[in-house]
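Subject: Handing over the structure

Hi,

As promised, I'm passing this structure on to you. Have a look at it first, and then read on for what turned up when I went through the charged side chains.

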Amino acid sequence: MSPAFAKSSEKLKNEIEDYHKGVKYLHESGIQKVPKKYILPISERPNSYTINGNPQVTSKHNLKLPIIDFAQLYGPNRAQVLDSLSYACENYGFFQLVNHGIPEEVIKSMVDVGGRFFDLPLVEREKYMTTDMTTPVRYGTSFNQTKDGVFCWRDFLKLVCDPLPQVLPYWPSSPSDFREMAVTYSKETKVLFIKLVEAILESLGINVATKDKTQQNDDDDEMLKEFEDGSQLMAVNFYPPCPNPDLTLGIPPHSDYGFLTLLLQDEVEGLQVKCNDDWVTIQPIPNAFVVNVGDHLEIFSNGKYKSVLHRVLVNSLKSRISVASLHSLPFNSIIKPSPKLISETNPSLYKDTNFAAFLEYLKSCDSTNKSFLETRKLT
């Protein structure tokens, strides 16, 4: 082997190792331009789209999502709020949730401790680095770093939240208050999820939350218990400043696989939603959650409620942190259209599926866009 070739091979090896150390490592190393591994094709860049194969530049739009006042669900305006909830899930797939009852201190503490985790030295963070998607805790970078041809500008810490007593010993013990803050936050969001599920089911005409227990049957009780015993995954996302934010993305276009996602974001904008074939930026509302319909809810509602494509932009000036809490039925549950929504005039539009099928798909295919959900549709 020639000295020049050996030097080139060693450089390539070091670059690959750097990519897998994450974008915070790259940012801290002082890079002045985005490495080639992160540069998207022109048609996939955040400010571009194509017409007849020719790149075009799209202007930036802001979207005010429907705002659901959660407290109003428990007053005389419940019917109107349920109508607004149904409209949001059907037409946007997203809404902002305010007055949700989770204390502001819990929210701020989760963002703070998440930021302090990413401030730890790399040697501490990489203790949790793995490509095994079944582990209770996983630190990584990009979207799916084992499959991504082009990496995206994100590092993440993913935490399986159930059963909590079994997974908690695997969660990071540093910062010293990480587990305490994350446990409190996960429990609060789980309670909120269950209350949201009750409202969403009612908006679909499935009244599991009725006070008159004589109107409920065993199937309703069993359905709600499944959600109470359901899966929860938290993803703490970190997007450091990027020297060329016009060339890459924080997360590529995708839909979420679960039933509902409750997203907490800091004051730095970055989330975009696909609306009427255009990408629109969601303005953060302090202490509010951005809630979106997942693939499982689209399947469960037999397509009435829409799981919508979304992506994340990065910027050159500020870091951004978000905490996504993804909720669904238990990992071993079968996800299918609700029998209460199926009839001769409204036949089932989706195949039965489960979490194992989704994991297998992740391992073998491109999981961006709505590709997994498309495989579940009946033709």
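Let's start with a residue that is partly exposed: Glu202, whose relative accessible area is 23%. Keep in mind throughout that this is a predicted model.

What does Glu202 pair with? Its side chain meets that of Arg78 in a salt bridge, at 2.8 Å from N to O. This pair ties together distant parts of the chain: Glu202 belongs to helix H7 (residues 178-203), Arg78 to helix H3 (residues 78-91), and 124 residues separate them. Arg78 is partly exposed as well, with a relative accessible area of 21%.

How many salt bridges are there in the whole structure? A search finds 8, and here are some others.

Lys108 and Glu104 are both in helix H4 (residues 104-118), 4 residues apart, or about one turn of the helix. They form a salt bridge whose closest N and O atoms are 2.7 Å apart. Lys108 is partly exposed at 48% relative accessible area, and Glu104 is partly exposed too, at 41%.

Then there is Glu124, which forms a salt bridge with Lys127; here the closest N and O atoms are 3.1 Å apart. Are these two partners buried or exposed? Glu124 has 18% relative accessibility and so counts as buried, because the cut-off for buried is under 20%. Lys127, at 56%, counts as exposed, because that label applies over 50%.

There is also a group to look for: Asp112, Arg116 and Asp177 are joined in a network of salt bridges.

Finally, a residue without such a partner. Arg45 is buried yet has no salt bridge. Which side chain of opposite charge is nearest to Arg45? That is Asp246, 6.4 Å away. To find Arg45 on screen, go to the loop between helix H2 (23-28) and strand E1 (48-51). Leaving aside residues up to four places away in sequence, Arg45 touches Ile39, Leu40, Asp246, Leu247 and Arg311.

Best wishes

How values were computed: Residues are numbered from 1 along each chain as its sequence is written. This is a predicted model: local features need pLDDT of at least 70, side-chain atom pairs count only at pLDDT 80 or more; totals for chains, interfaces and linings use all residues. Side-chain values use heavy atoms; hydrogens and water are left out. Helices (H or I, at least four residues) and strands (E, at least two) are DSSP runs, numbered from the N terminus. Buried means under 20% relative accessible area, exposed over 50%, partly exposed in between (1.4 Å probe, protein chains only). Lys and Arg count as positive and Asp and Glu as negative; His and the chain ends are not counted. A salt bridge is a side-chain nitrogen of Lys or Arg within 4 Å of a carboxyl oxygen of Asp or Glu. Contact means heavy atoms within 4.5 Å.
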